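Please read it alongside the sequence and the model.

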Amino acid sequence: MAEPRLPIPWLAPDDETTPLPDPDSAMTDPEGLLAIGATLSPQRLESAYRRGIFPWYSPGEPILWWSPDPRAIIVPARFHVSRSLQRQLRRRDHHVSLDTAFEAVVAACAAPRLDQPGTWITPEMADAYCRLHERGLAHSIEVWRDDRLIGGLYGVSTGRVFFGESMFSHATNGSKIALAWLLCQLDIWQFDFLDCQMPTDHLLSLGAETLPRRRFLMQLAASQRAATRLGPWTLSIERDDVTRHWRG
């Protein structure tokens, strides 16, 4: 009797070479699930992101690879900054940095939250992104109050795209301040968009828009023709640049 055919590929947990499938072959239930298994090696992760694929799974599960439809993005110039956030950006009770505390940002993103006691950022996942950071492909932006980390986010960048992975906030608008600074810097660097993966009401309120997967993949492919800005990154902007950028 023939073995039953799985609806998606299931790769061996040590598989380093088998390419992930075409994103258009992803399942519709659950939406966007594309493949199971393989590793989180830097080479596989870079290849996956360049093709619009990302890993997302819970502790105890095999690695799950996704390419959802639709896809949420933020075009830097279209980021929505509320009046309250504009006021917060002008305040001088914090400072912002790039790529100075990557591991600490990942750890803060992985910590349990009141509304979300579990985490999908497993130790294996955290280690994989730290290795990408060492290769200059993963980056963090940090918001500090004195010497205390009060907000930040991290993600991966290839070509002219930043793929946001997770953010955290330990003070009012801490993560929004990080996002405002990052998008200002990306706009100056002429990045095409920040990938938010899946839409949420919160992201849509910040100016995110949704694209059908096919259109997203076309825009992503065009962005990948540009050279990757390898890290470590440093800010070329200051507080006054950010407040002017988002004024009005």
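Strands β5 and β10 run antiparallel and are joined by 3 bridges, where strands count as paired if DSSP finds at least two bridges between them. The model is a predicted one, in which local features need pLDDT of at least 70 and side-chain atom pairs count only at pLDDT 80 or more, while totals for chains, interfaces and linings use all residues. Residues are numbered from 1 along each chain as its sequence is written, and side-chain values use heavy atoms, with hydrogens and water left out. Helices (H or I, at least four residues) and strands (E, at least two) are DSSP runs, numbered from the N terminus.

**Strand β10 and its partners**

- Opposite Q197 of β10 stands A72.
- Strand β9 (residues 161–169) pairs with β10 in the parallel sense over 3 bridges, and V161 stands opposite F193 of β10.
- Strand β10 (residues 193–197) is largely enclosed by the rest of the structure, because 5 of its 5 residues are buried, that is, under 20% relative accessible area, with exposed meaning over 50% and partly exposed in between (1.4 Å probe, protein chains only).
- In a regular strand the side chains alternate between the two faces of the sheet.
- From β10, F193, D195 and Q197 point one way and L194 and C196 the other way, and all are buried.

**An open sheet**

- The order β1-β2-β4-β3 describes an open sheet of 4 strands with mixed pairing.
- The edges are taken by β1 (10–11) and β3 (54–55), each of which has a single partner strand, so one side of each is left without a neighbour in the sheet.
- Strand β4 (residues 64–66) pairs with β3 in the antiparallel sense over 2 bridges, and W65 in β4 is the bridge partner of P55.

**Nonpolar cores**

- The largest nonpolar core has 51 residues, and those with the most contacts inside it are L40, L45, W65, I121, Y129 and Y154; such a core is a set of buried Ala, Val, Leu, Ile, Met, Phe, Trp, Tyr and Cys residues joined through side-chain atoms within 4.5 Å.
- Apart from this core lies another, of 34 residues, among them L89, A180, L194 and I237.
- Leaving aside neighbours within four places in sequence, I121 is in contact (heavy atoms within 4.5 Å) with V106, C109, A110, A126, Y154 and S166.

**Aromatic pairs**

- A search of the whole structure finds 11 aromatic pairs, for which rings of Phe, Tyr and Trp (its six-membered ring) must have centres within 6.5 Å, planes under 30 degrees apart counting as stacked, over 60 as edge-to-face and the rest as tilted.
- F79 and W246 form an edge-to-face pair, 5.3 Å centre to centre with 75° between the planes.
- This pair links distant parts of the chain, 167 residues apart, with F79 in the loop between β5 (71–74) and α2 (83–90) and W246 in the segment after α8 (239–245).
- F79 counts as buried at 6% relative accessibility, and W246 is buried with a relative accessible area of 7%.
- Y129 and Y154 also form an edge-to-face pair, 5.8 Å centre to centre with 65° between the planes.
- Because Y129 lies in helix α4 (residues 123–134) and Y154 in strand β8 (residues 148–158), their pair ties together parts that are 25 residues apart in sequence.
- Ring pairs link Y49, F102, Y129, Y154 and F163 into a cluster.

**The loop residue T39**

- T39 is placed in the loop between β2 (33–37) and α1 (42–50), and T39 is buried, with a relative accessible area of 11%.
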